[in-house]
Amino acid sequence: MASARHASVKKKLRSPFSRPVGATLRGYTVVVPTDASLAATDYEIAIGQFQILNQNSANANNEPLKPRASTLSRSDLITFQ
């Protein structure tokens, strides 16, 4: 029984959209590159993007770098300073 539970938890952690949600819940400002998604279908991509923008620290208008929220962008527009 423990191995089935472990597999379920492991599968949940693989979601490409679970990390931005967890980071914003901890107070981080997150930028998610939409062109680097691991989602298998267009449906999963659309649902994931909706969830990212409408979670607890909602950023439904995709305001750039809204504090303590997630922003969708492209990988060629992201730089680290």
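1. Let's start with the pocket. Strand β2 (residues 70–73) gives the largest share of the lining of the largest pocket, three residues. Strands here are DSSP runs of E with at least two residues, helices are runs of H or I with at least four residues, and both are numbered from the N terminus. A pocket is an open set of points on a 1 Å grid over the protein atoms alone, where a 1.4 Å probe fits, with protein on both sides within 12 Å along at least five of seven lines; lining residues have an atom within 4 Å of a point.

2. A word on what you are looking at. This is a predicted model, in which local features need pLDDT of at least 70 and side-chain atom pairs count only at pLDDT 80 or more, while totals for chains, interfaces and linings use all residues. Residues are numbered from 1 along each chain as its sequence is written, and side-chain values use heavy atoms, leaving out hydrogens and water.

3. Back to the pocket: its space comes to about 210 Å³, a volume being the space filled by probe spheres set on the grid points, which are joined across faces, edges and corners. Among the lining residues are Val31, Leu72 and Phe80. The lining divides into seven nonpolar, three polar and no charged residues. Here Ala, Val, Leu, Ile, Met, Phe, Trp, Tyr, Cys and Pro count as nonpolar, Asp, Glu, Lys and Arg as charged, and the others, Gly among them, as polar.

4. Now follow the chain. From the N terminus on, its elements run α-α-β-α-β, which comes to three helices and two strands. Strands β1 and β2 pair in the parallel sense over four bridges (pairing takes at least two DSSP bridges). The path from β1 to β2 goes through helix α3 (residues 42–53), and this β-α-β crossover is right-handed: with the strands pointing away from the viewer, the path from the first strand over the helix to the second runs clockwise.

5. Look along strand β1 (residues 30–33). Buried means under 20% relative accessible area, exposed over 50%, and partly exposed in between, with a 1.4 Å probe and protein chains only. Val32 has Leu72 in β2 as its bridge partner.

6. Is Pro33 buried or partly exposed? Pro33 counts as partly exposed because its relative accessibility is 27%. Its contacts (heavy atoms within 4.5 Å) include Ser73 and Ser75, not counting residues up to four places away in sequence. Pro33 and Ser75 are 42 residues apart in sequence, yet 5.0 Å apart in space, C-alpha to C-alpha.
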